[in-house]
Amino acid sequence: VSTQSTGGDAVPLHLFPQWSFPLMAQALSALPFPTTTILNQGCRLEVHGRLPAGEPMLCTAQLWEVVREPSKVKVTVKITTATRSAGSACSAYMYAVVPQRRPKREEQAGFQRQDHSA
């Protein structure tokens, strides 16, 4: 990871997906849905401090929230990045959604075709 934009001594935190996606995928694999159905909905990045270059990163990912709605399941994964010397550098909240198919009866009840030809 290049550190030129931060003066050469810190890793740019906005690059967190580069080191966190494998952890996020592992956290999402605990869900009872095929990972190919999970859609990225964006993220929120909270910066707590600097991420020193040249030090091993300590990263964790956890399922933070799972909310079932009639047509989708909303998922939040929290990813934290730190180093031993600097402590916590950032927390990223990755938002995703899993579309859900409604049963045929619900689809038919929720949508009734209207004939306006009369």
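R50 and D9 form a salt bridge in this predicted model, with their closest N and O atoms 2.6 Å apart; the term salt bridge stands for a side-chain nitrogen of Lys or Arg within 4 Å of a carboxyl oxygen of Asp or Glu. Because R50 lies in the loop between β1 (39-47) and β2, while D9 belongs to the segment before α1 (16-28), the pair ties together parts that are 41 residues apart in sequence. R50 is partly exposed at 48% relative accessibility, and D9 is partly exposed at 44%, where buried means under 20% relative accessible area, exposed over 50%, and partly exposed in between, for a 1.4 Å probe and protein chains only.

Residues are numbered from 1 along each chain as its sequence is written. Local features need pLDDT of at least 70 and side-chain atom pairs count only at pLDDT 80 or more, whereas totals for chains, interfaces and linings use all residues, and side-chain values use heavy atoms, without hydrogens and water.

By the rule above, the count comes to four salt bridges, among them the following.

| Pair | N to O distance |
|---|---|
| R50 and D9 | 2.6 Å |
| K72 and E69 | 3.9 Å |
| K74 and E69 | 3.2 Å |

E69, K72 and K74 are linked in a network of salt bridges.

Strand β2 (residues 58-68) pairs with strand β3 (residues 72-83) in the antiparallel sense over ten bridges, and strands are said to pair if DSSP finds at least two bridges between them. A hairpin of three residues joins β2 to β3, and L58 has A82 in β3 as its bridge partner.

The largest pocket has a volume of about 170 Å³. A pocket is an open set of points on a 1 Å grid over the protein atoms alone, where a 1.4 Å probe fits, with protein on both sides within 12 Å along at least five of seven lines, and its lining residues have an atom within 4 Å of a point. Its lining includes F21, M24, T35, N40 and Y95. The elements that give two or more residues to this lining are α1, β1 and β4 (87-99), and the largest share, four residues, comes from α1.

Terms used:
Grid points are joined across faces, edges and corners, and a volume is the space filled by probe spheres set on the points.
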